[in-house]
Structures are given as structure tokens and as C-alpha cells.
Amino acid sequence: MKGFRDIIGQEMSLKHIRDAVRTERAAHAYIFDGEKGMGKKTLAAAFAKALQCEKPVGEREDSDACGICHSCIMADSGSHPDIINVTHEKPGSIGVEEIRTQVVNDVLIKPYSSKRKVYIIPEAHLMTAEAQNALLKTLEEPPSYITIILLADNREILLNTLLSRAVCLPMRAVKAADISGYLEREKGLSPTETGIAVSFARGNLGKAVLLSESEGFTELWEEVRALLIHIREMTDVEISRSASAAGGKKEQRDDYLGLLMLWFRDVLYIKSGGSSEGVVFSGELRETEEAAEHYSFEQLNDIIEAVKTAGSRLRSNVNPDSTFEMLFMTMR
Ligand SMILES: [Zn+2]
């Protein structure tokens with residue numbers, strides 16, 4: 001199970017958290033703010049574990065949890081009585097009753113086996129206004145032993161009164177090099193797969209991992225790759241067949257266009273004299289160079305514009321098959 005040392009990126013938030021643990025001055029409320037996949041849950045779990053660890057903080061490495069005491073073992077197995085993960089039933093909202101029973105009333109009971117109680121509220125942006133107000137009451141006069149960590153995809157949705165009572169730690173985009181290092185080390189991906197996952201994830205490590213594990217994504221890439229290699233000699237019939245195949249991928253149309261965009265940007269980059277280290281599809285360098293040779297600057301710009309246009313057509317519900325067909329014609 002994770003400790004501070006396993007967290008990739010988020011240096012600023014991590015420093016703040018380590019300081020809070022080291023000085024034993026954790027705030028009563030934190031908001032970890034950032035989109036899904038940015039590591040809020042992992043960070044909250046590591047924070048809770050470090051706050052509860054039984055080893056004196058002065059004897060630990062960088063304030064991190066020791067990982068071997070009774071408290072750490074319980075934290076790792078998800079059975080720590082003083083680390084409370086707040087759950088909710090409806091997928092789209094956290095109701096006031098859920099906050100009342102699991103937090104507001106529960107904070108009145110002293111910690112079971114440690115000095116403090118840590119509450120983690122995932123998807124806190126889903127709390128109804130009533131639920132937030134109930135929580136606010138608790139935070140206006142919090143028992144000294146509680147720390148509540150709210151995980152929010154977007155803190156803007158939360159009430160200002162609630163925000164003002166919490167320490168907000170924004171999750172930052174993780175550096176591309178850190179993500180690719182992680183993927184190559186932990187997932188054994190090829191350079192091209194890593195390049196695609198990193199480009200698509202835009203600093204979101206969770207998303208990059210998800211992409212790298214998704215079978216559908218690898219298959220999609222194989223298909224796009226085949227299209228890119230053969231497009232220049234495809235007949236009208238073949239183009240329209242490929243367009244229907246692409247149009248039929250309801251959930252993956254955006255990814256399809258995203259891959260085409262990345263590819264043609266690589267081609268343009270190489271054509272402009274860019275070095276091979278700067279490309280996303282580093283495993284397809286030969287194909288990229290061939291395409292750079294074949295297309296003129298003007299054509300490449302037209303294609304990139306056509307990919308953008310296809311994206312906005314799909315968003316406004318224009319027929320997907322004909323949208324892809326027009327795009328593939330331009331590419332050819
Ligand atoms: Zn410990």
C-alpha cells in the first residue's frame with residue numbers, strides 16, 4: 001500500500017501534508033481539488049495513514065507512515081476504525097442524511113484507538129447544499145481530534161462558506177517525463193504506447209494508467225495506424241467502409257480524432273525539421289517521415305483543420321459516418 005514516497009508529482013501538496021504530519025498540526029478540513037485520476041484518493045489515504053501511524057513522527061522517514069505498526073496495517077487493509085471513508089448511495093449526489101450519520105453525529109464519538117479521527121469524503125463536489133451546510137456546522141466548532149479530507153473534482157461547486165473553513169490543496173498536472181517513466185517502469189509499455197498515453201492524459205497520471213491498461217485503446221490505435229499507413233492508396237469504397245467503422249465507435253470517436261491529431265502534428269513537426277525525440281509516435285518514425293515527405297505544409301494544415309472540424313461536427317450531432325468520410329477524403 002502507498003505512502004508519501006510512492007506518490008508521483010504533487011510536490012507542493014505533499015510538502016504541505018508532510019509539514020502538517022511532522023508538526024502534528026493537521027487542519028480540521030482539507031479540500032483536495034482536481035479532476036479524476038489526479039491522485040486525490042491515493043494522497044488522502046497516505047495522509048490518513050501517516051496521521052494515524054503509531055511510530056513517533058520524529059523517528060520516521062520524512063514524516064511518512066512506518067508501514068509496519070498495527071495502525072498502518074489496519075490502514076492498509078481498509079479496516080482502521082479511526083479512518084472513516086464516507087460512502088453514498090446515489091451515484092450523482094451525497095445527501096444530508098449520509099453526512100449526518102457518517103460525519104456530523106460520528107465526530108461526537110471519541111477516537112477508537114488513536115489520537116484522532118480522519119474522515120475522507122470522496123466526490124465531495126456531489127454533496128447537496130443541505131449536506132454541505134450540515135458539514136459546515138461541524139467545521140464551525142470541530143472537536144480537536146478530527147481531520148476531514150474532502151476530495152473534489154471541482155471545488156468551485158462547493159459553498160464559499162465551506163471553502164473558507166478548509167485548507168485547499170490543488171492537484172497539479174504531473175510532468176510528462178514522470179508519467180512516461182512510471183508507465184515504462186511499472187507497465188512495461190513500448191515507447192509509442194507510452195507516448196500516446198502521456199499525450200492523451202495531459203498530466204493526469206490516473207488517466208495515463210487507465211489508457212495504458214485499456215485493451216480497447218490499443219485496438220483503436222492498431223486500427224488508426226492501419227488507416228494512416230494505407231490511406232493514400234485507398235479507394236472510395238474502402239474509405240467509406242473505414243468511415244462507417246470509425247463512425248460506429250460511439251464511445252471512441254473522440255479518441256479516434258485525438259489519435260489522428262497527434263499523428264498529423266508529429267508529421268508536421270518532422271516536416272518542420274523537428275528532432276525524432278520530440279514525436280509522440282516514436283515507434284512509427286519511418287511512417288511519420290514518409291508522410292512528412294508526401295504531404296505539403298498546406299495539405300498538413302488542411303488536414304489538421306479538417307480533424308478539428310470533424311470534432312465540432314460530431315459534437316453538434318452531424319452524421320458520424322459522413323463526417324469521418326469527408327475527413328478521410330481530405331487525408332487521402
Ligand atoms: Zn505506522
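**A walk through the model**

Guide: Happy to. In helix H9, residues 205–213, the buried residues are Leu205, Ala208, Leu211 and Ser212. Seen down the axis of H9, these buried residues fall within an arc of 125 degrees, so they line one face of the helix. Keep in mind that this is a predicted model.

Visitor: What covers the buried residues of H9?

Guide: The cover includes helix H7 (176–187), helix H8 (191–201) and helix H10 (215–230).

Visitor: Okay, zooming out. How many helices and strands are in the chain?

Guide: The chain has 15 helices and 5 strands. Its C-alpha trace spans about 75 × 40 × 30 Å along the principal axes. There are 332 residues in the chain, and 35% of them count as buried.

Visitor: And what share of the contacts with a separation of 6 or more comes from residues 24 or more positions apart?

Guide: Such pairs account for 74% of those contacts.

Visitor: Let's talk cores. Which residues touch the most other members of the largest nonpolar core?

Guide: Ile149 and Leu150 do, in a core of 46 residues. At least two residues of this core come from each of H1 (11–22), E1 (29–33), H2 (40–52), H3 (70–77), H4 (96–104), E3 (117–121), H5 (129–140) and E4 (146–152).

Visitor: Which of them gives the most to this core?

Guide: That's H2, with 8 residues.

Visitor: And what is isoleucine 149 in contact with, leaving aside its neighbours within four places in sequence?

Guide: Isoleucine 149 is in contact with Tyr30, Phe32, Ala44, Phe47, Val118, Tyr119 and Ile120. Apart from this core lies another one, of 38 residues, and its members include Ile179, Ala246, Leu260 and Ala310.

Visitor: On to helix packing. How do the axes of H14 and H15 cross?

Guide: The axes of H14 (residues 297–315) and H15 (residues 320–331) cross at roughly 180 degrees and come within 9 Å. The two helices are therefore roughly antiparallel to each other.

Visitor: Which residues meet there?

Guide: From H14 you have Asp302, Ile303, Ala306, Val307, Ala310, Arg313 and Leu314, and they meet Pro320, Thr323, Phe324, Leu327, Thr330 and Met331 of H15. By class, this contact has 9 nonpolar, 2 polar and 2 charged residues.

Visitor: New topic: backbone. What is phi of aspartate 62, and where does this residue lie?

Guide: Phi of aspartate 62 is near 50 degrees, a positive value in a residue other than glycine. Most residues other than glycine have a negative phi. Aspartate 62 lies in the loop between H2 and H3, and it counts as exposed because it has 12 C-beta neighbours inside 10 Å.

Visitor: What about glutamate 123?

Guide: Glutamate 123 also has a positive phi of about 50 degrees, although it is not a glycine. This residue lies in the loop between E3 and H5. With 18 C-beta neighbours inside 10 Å, glutamate 123 counts as partly exposed.

Visitor: Last one. Where does aspartate 153 lie?

Guide: In the loop between E4 and helix H6 (160–163). Aspartate 153 has 19 C-beta neighbours inside 10 Å, so it counts as partly exposed; a residue needs 20 or more to be buried.

Visitor: Which residues is aspartate 153 in contact with, beyond four places in sequence?

Guide: Those are Glu35, Lys36 and His125. Aspartate 153 and glutamate 238, on the other hand, are 43 Å apart in space, C-alpha to C-alpha, and 85 residues apart in sequence.

Definitions and conventions:
Residues numbered from 1 in each chain as written. Predicted model: local features only at pLDDT ≥ 70, side-chain atom pairs only at ≥ 80, totals over all residues. Helix = DSSP H or I, 4+ residues; strand = E, 2+ residues; numbered from the N terminus. Arc of directions from axis to C-beta. Contact = placed C-beta atoms within 7 Å. Core = buried A, V, L, I, M, F, W, Y, C linked by C-beta atoms within 7 Å. Axes fitted to C-alpha atoms, helices over the stretch in contact; angles between N-to-C directions. Parallel < 35°, antiparallel > 145°, perpendicular 65-115°, else oblique. Nonpolar A, V, L, I, M, F, W, Y, C, P; charged D, E, K, R; others polar.
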